[in-house]
Structure formats: C-alpha cells, structure tokens
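Hi everyone, thanks for making time this morning. I'd like to walk you through one model, so please have a look at the screen.

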Amino acid sequence: MPAPPSPAKPLLTLAACFALAACEPAPEPSALFTLDSDAPTPLPAPEAQATYTIDVTTPLLLDLRGGATGDPYALTCAQDELVVGLRGRSDTTVSALGLVCARMLENGTFANRDERPMIGGTVGDEFSSECPQNEAVIAVRGRAATTLDRIGVRCARVRPWVQMGSPGSIEPSFGGVGGVPFTDTCPPGYFLQGVLGYAAGTINSTQSLCVPIVT
C-alpha cells in the first residue's frame with residue numbers, strides 16, 4: 001500500500017507560492033490613492049477683459065426733428081467722451097439745450113461727468129435728463145413740429161448695448177405737449193456724442209450724432 005501523503009508537502013507548496021508572490025514586482029498604485037488631498041486645486045485661467053474705444057471716424061447722423069429755421073448749432077462732447085445727459089430750459093417748448101458729458105474708460109465705465117454750456121434762450125425752468133452712473137445716452141426722445149417741443153433721453157451700459165443690444169433706463173422728458181412724438185435711437189453698439197440743429201432764441205430742432213464703440 002502506498003504511504004499516505006505527508007502533511008508537510010501542502011505546507012511547502014503554500015510557502016513556495018508566497019515566496020513567488022513576494023518576488024513579483026509590486027503593482028502600480030491606483031490613481032485613486034495617489035492624489036494629495038491637501039494640494040490646492042488649480043484655478044481656471046481668467047478670461048481676458050474686453051476693452052472699449054470710441055470710434056469718432058465713423059459717426060452716424062439720425063433724422064432732424066423740428067424746423068430748419070434759425071442759426072445752425074452743433075453741441076458735441078470731446079473725442080473720448082459720450083453724452084450722459086441733456087440739460088436746458090423749457091416751458092411749452094424747449095428754449096435752451098446743453099450736454100452733460102463724461103469720459104469713457106477702457107472698461108466701459110465713466111468718469112468726470114461735466115455740464116457743458118447751453119445754447120438758446122432764457123425762457124422757462126431749467127431741467128436735466130441724465131443717465132444713472134455708468135450709463136450713457138443711446139436715444140433722444142420727445143415731441144417736435146416747427147420747434148422742439150419736448151426732449152428726454154434713454155440710456156444703456158456700454159457692455160450690454162455693444163454686445164447684446166440691451167438698452168437701459170428711460171429718463172424723464174421736459175417741455176410741452178405740442179408737436180409729433182419721436183424717438184431716435186442709435187444702432188446697437190452706438191452711443192450719442194452730440195446733437196445738431198437750428199436755434200433762434202429757442203431750440204427749433206435737434207438731430208442726434210451717434211458714434212460706434214469698438215472692442
């Protein structure tokens with residue numbers, strides 16, 4: 001009869017298996033366990049900030065509102081400025097008109113708001129139709145026939161108006177109720193830089209001068 005298997009043989013086989021396993025190279029550690037939880041998370045690169053510039057070389061004139069009698073006038077802001085409000089005097093018509101200008105910064109905000117001299121007469125009460133801070137005029141609205149009967153402005157921030165055509169606040173208008181209502185809006189991306197027209201002791205007409213903003 002053959003001898004029964006020695007109990008030492010399975011033990012030797014098992015020891016050999018452990019020895020061979022010990023000689024095999026260690027597996028690469030999983031990436032799940034190699035991340036340093038204390039290491040700072042990289043921040044995304046900041047987006048480039050758009051810069052805005054007034055292009056005075058390609059102005060756009062809108063329709064003349066009112067009559068063409070009297071002396072021609074032109075009220076304009078400086079080349080680095082936009083209109084941020086209109087001021088003047090009015091009763092049943094607009095007897096005097098002037099600009100409120102502000103310098104546009106590269107980020108589309110404004111500094112150094114300044115009232116400019118008025119042209120026209122001295123009849124009526126003084127008024128000012130001005131944009132909120134960091135908005136500028138995109139539209140002139142009012143009423144007119146043979147004279148300028150009423151006037152006010154609509155405004156916008158630079159970035160929303162240039163990139164999306166989104167207007168901003170509507171400011172009060174001043175003057176009488178005669179004439180035909182009008183609203184002259186600069187195209188999206190354009191802002192008011194001046195007004196032209198005719199005056200003779202009162203403001204007979206107005207015409208919007210728009211300029212584009214480029215990035």
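The link of C131 and C155 is left-handed, with -85° about the S-S bond. The two residues form a disulfide with their sulfur atoms 2.1 Å apart; a disulfide here is a pair of cysteine sulfur atoms within 2.5 Å. This pair links distant parts of the chain: C131 sits in the loop between strand 8 and strand 9, C155 sits in strand 10 (residues 148-156), and they are 24 residues apart. Strands (E, at least two residues) and helices (H or I, at least four) are DSSP runs, numbered from the N terminus. C131 and C155 are both buried, where buried means under 20% relative accessible area, exposed means over 50%, and partly exposed is in between, using a 1.4 Å probe and protein chains only.

A word on what we're looking at. This is a predicted model, in which local features need pLDDT of at least 70 and side-chain atom pairs count only at pLDDT 80 or more, while totals for chains, interfaces and linings use all residues. Residues are numbered from 1 along each chain as its sequence is written, and side-chain values use heavy atoms, with hydrogens and water left out.

Back to the cysteines. How many disulfides does a search of the whole structure find? There are 3. Counting bonded cysteines along the chain, the pattern is 1-2, 3-4, 5-6.

Let's take C77 and C101. Their sulfur atoms are 2.0 Å apart in a disulfide, and the link is left-handed, with -85° about the S-S bond. C77 is in the loop between strand 3 (71-76) and strand 4 (81-90), and C101 is in strand 5 (residues 94-104), so this pair links distant parts of the chain, 24 residues apart. C77 counts as buried because its relative accessibility is 7%, and C101 is buried too, at 0%.

Then there is the disulfide of C186 and C210, with sulfur atoms 2.1 Å apart. At -75° about the S-S bond, this link is left-handed. C186 lies in the loop between strand 12 (180-185) and strand 13 (190-199), and C210 lies in strand 14 (residues 205-214), so the pair ties together parts that are 24 residues apart in sequence. Are these two buried or exposed? C186 is buried, with a relative accessible area of 2%, and C210 counts as buried at 0%.

Now, staying around that loop between strand 8 and strand 9, have a look at N134. N134 is in the loop between strand 8 (125-130) and strand 9 (136-144). N134 counts as buried because its relative accessible area is 18%. What does its side chain reach at 3.0 Å? The backbone nitrogen of F110. That is a polar contact, meaning a pair of N or O atoms within 3.5 Å; within protein, one must be able to donate a hydrogen and the other to accept it, and residues adjacent in sequence count only if both atoms are side-chain atoms. Setting aside residues up to four places away in sequence, N134 touches T109, F110, A156 and R157, where contact means heavy atoms within 4.5 Å.

On to the aromatics. The structure holds 1 aromatic pair. F127 and F174 make up that pair, and they are stacked, at 5.0 Å centre to centre with 20° between the planes. For the cut-offs, rings of Phe, Tyr and Trp (its six-membered ring) pair if their centres lie within 6.5 Å, and planes under 30 degrees apart count as stacked, over 60 as edge-to-face and the rest as tilted. F127 lies in strand 8 and F174 in strand 11 (residues 174-175), so the pair ties together parts that are 47 residues apart in sequence. F127 counts as buried at 7% relative accessibility, whereas F174 counts as partly exposed at 26%.

Strand 11 also brings us to a sheet. An open sheet of 4 strands has the order 11-10-9-12, with antiparallel pairing. Strand 11 and strand 12 stand at the edges, each with a single partner strand, so one side of each has no neighbour in the sheet. As a reminder, strands of a sheet pair through backbone hydrogen bonds, either parallel or antiparallel. Here two strands pair if DSSP finds at least two bridges between them. Strand 10 and strand 11 pair in the antiparallel sense over 2 bridges, and R150 stands opposite G175 in strand 11.

Last stop is G194, which is found in strand 13. G194 is buried, with a relative accessible area of 0%. How far apart are G194 and L75 in sequence and in space? They are 119 residues apart in sequence and 5.4 Å apart in space, C-alpha to C-alpha. Leaving aside neighbours within four places in sequence, G194 is in contact with L75, T76, V83, L99, Q207, S208 and L209.

That's my tour, so over to you for questions.
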